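Hello,

Here is the structure I promised to hand over.

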Amino acid sequence: MPYSSLSHLECSRTAKRYEADQVQGVSEVGAPLLVRYDLDEVRANVTPEEIAGRPHDLWRYHELLPVRDPANVTTLGEGMTPLLPIPTYGAQIGVPHLLMKDEGLIPTGSFKARGAAVGVSRARELGVKAVAMPTNGNAGAAWSVYAARAGIGSLIVMPVDAPEITRRECVVSGAELYLVDGLINHAGALVKAAVEERPGYQEVSTLKEPYRIEGKKTMGYEIAEQLGWQVPDVILYPAGGGVGLIGIHKAMKELQELGWIGPKLPRLVCVQSTGCPPIVDAFHAGLDESTLVEGTRTLAFGINVPKALGDFLVLQAVRESGGTAIAVSDETILAEVSALARAEGAWICPEGAACLAAARELRQSGWIGEQERVVVLNTGSGLKYPETVQVDVPVLERDGTVPTAG
Ligand SMILES: *Cc1c(COP(=O)(O)O)cnc(C)c1O
C-alpha cells in the first residue's frame, strides 16, 4: 500500500491540473496550487480505527499527506496537540463548551512547525537544495529548524520588528538570516529577487509552494479525530496569510468525501486585528478579494499581513462554511491573554488571544449560541511573546519581610 495517495496539483483559480512530482510554485495565473489525493485509494487502504493506533504526530495521516517515501519524513514529533476544555474561561464569556486547540506545545512553539515539517519533507523529496522565505518570524524559525534537520539550507528575511526570539531560532539552526526595516511584503520582494539569482533555491513564501497548507490542514483532521470524528459548530482562526483556515476547510471536505465525518461543516471564523483587517473588510464589503492595507500595526505579529495571496480562498472557505470574519483590537488581545492565564493557567500567544476576544464578541452579539461547541486555535506559546505581560513587582530587602497576607 502506498505511504501517500498523492495524485496531482490543481490551480485554485482555474482547476487546471499540474504534475506533483516536480518542484512547483504557483500556477500560470499566479494562484496557489492545491494538492489532490486519490481518496478512493485512501478509503480502501485505511480506516479511522487504524489511524487511532498510530503514533501521536501529524504523520498518522500519511496517506493524506504529500510525502511519498517515509525516508524523507523530517519530523521533530509535531502534531496531535491537546484539544483542551477551558470551562472556567468559557463560563465567563458564556460559551460553556469552549475548547482550545493548543499549538503552543508544538516544536518551535508555533503551529508553523506543521507547515514546515510537511513542506521541508516534500522539498527534500523533490531534491531542493535550499528554501527561501519572507516571514513575520515564526514561519522563518520553523522552516530553518526543519531545514537543518533535513540537511538543506535556508534563507530567511524578516521585519526588524518581528519577535526577537524568532531571529535567534533562525541563527541557532544555521539559517542565512536578514532583517528588513519594513513589513512582510517588503521582505517578500527581497526574497523573490534573491531566489532568481540563486539556482537550487526554492521560494517557499506563504502559498507560493503547495505543501505548507497540507501540514497545516492536519489541525482539521486532529480536531475531528479528537472529537470522535465529529466536527465542532464553530472554529475561530487568527488569519494572516490564512493558510491554516484554508487548510482546515480543505481537511474537513476531504474527511466528508472519505465518509469519515457527516455532512455538517464547522463555521469558520477569520479573526484579524483592527490594526490589520484586510480580509475582514473584504468579507463585510461582500468582495471576493482583499485590498492591501497601508500602515498596518498590531502586536499579534503573526497576523500582520497587509495583503495575502490566498485571501480569496479564505473568503471562499468562510462563506462556504457559513462562517464570518471579525477584527479585534490589541487592547482586547492583551486583556484576553491575562484573562485566560488567570482562569485556566495557560499562557497563549496574542494571535490565539485574538480568537478568544472574537469568541467573546460573537457570543455577545448572539452569532455563537450558548450551547454550541466552539474551538479556538491558540497558534503559539505565550513564552515566545514575553513582552505581552508587564511585570511590576516589589523587590524585597534581603533582611526584610514579605508583606502580611491581605
Ligand atoms: C503565522 C501565524 C499566524 C497566522 O497564520 P497564517 O497561516 O499566516 O494565517 C497566527 N498565529 C501565529 C502565532 C503565527 O505565527
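Below is what I found, from the overall fold down to single residues.

First, the ground rules. This is a predicted model, where local features need pLDDT of at least 70 and side-chain atom pairs count only at pLDDT 80 or more, while totals for chains, interfaces and linings use all residues. Residues are numbered from 1 along each chain as its sequence is written, and side-chain values use heavy atoms, with hydrogens and water left out.

Overall picture

The protein has 13 helices and 13 strands; these are DSSP runs numbered from the N terminus, with helices (H or I) of at least four residues and strands (E) of at least two. Along the principal axes, the C-alpha atoms fill a box of roughly 70 × 50 × 45 Å.

Of the 406 residues, 60% count as buried. Here buried means under 20% relative accessible area, exposed means over 50%, and partly exposed is in between (1.4 Å probe, protein chains only). The accessible surface comes to about 16,300 Å², and carbon and sulfur atoms hold 53% of that; the areas come from the Shrake-Rupley method with a 1.4 Å probe. Counting contacts between residues at least 6 apart in sequence, 71% join residues at least 24 apart, where a contact means heavy atoms within 4.5 Å.

Cysteines

The structure holds zero disulfides, a disulfide being a pair of cysteine sulfur atoms within 2.5 Å. Cys 276 is in no disulfide, and the nearest cysteine sulfur, that of Cys 270, is 10 Å away. Cys 276 is also buried, at a relative accessible area of 0%. For Cys 349, the closest cysteine sulfur is in Cys 355, at 8.3 Å, too far for a bond. Cys 349 is buried too, with a relative accessible area of 1%.

Met 100 sits in strand E5 (residues 98–102) and counts as buried at 1% relative accessibility. Leaving out residues up to four places away in sequence, Met 100 touches several others, including Leu 83, Ile 86, Leu 340, Ile 348 and Val 376. Its C-alpha atom is 20 Å from that of Lys 264, which lies 164 residues away along the chain.

Tyr 211 is in the loop between strand E9 (201–203) and helix H8 (212–226), and it counts as buried at 4% relative accessibility. With the sequence neighbours up to four places away again not counted, the residues touched by Tyr 211 include Leu 9, Val 35, Pro 66, Val 118 and Arg 122. The C-alpha atoms of Tyr 211 and Ala 282, 71 residues apart along the chain, are separated by 26 Å.

Positive phi angles

Most residues other than glycine have a negative phi. Leu 207, in the loop between E9 and H8, has a positive phi of about 65°. This leucine counts as buried, at 5% relative accessibility. Ala 15 also has a positive phi, near 65°, and is found in the loop between strand E1 (6–11) and strand E2 (17–18). Ala 15 is partly exposed, with a relative accessible area of 49%.

Best wishes
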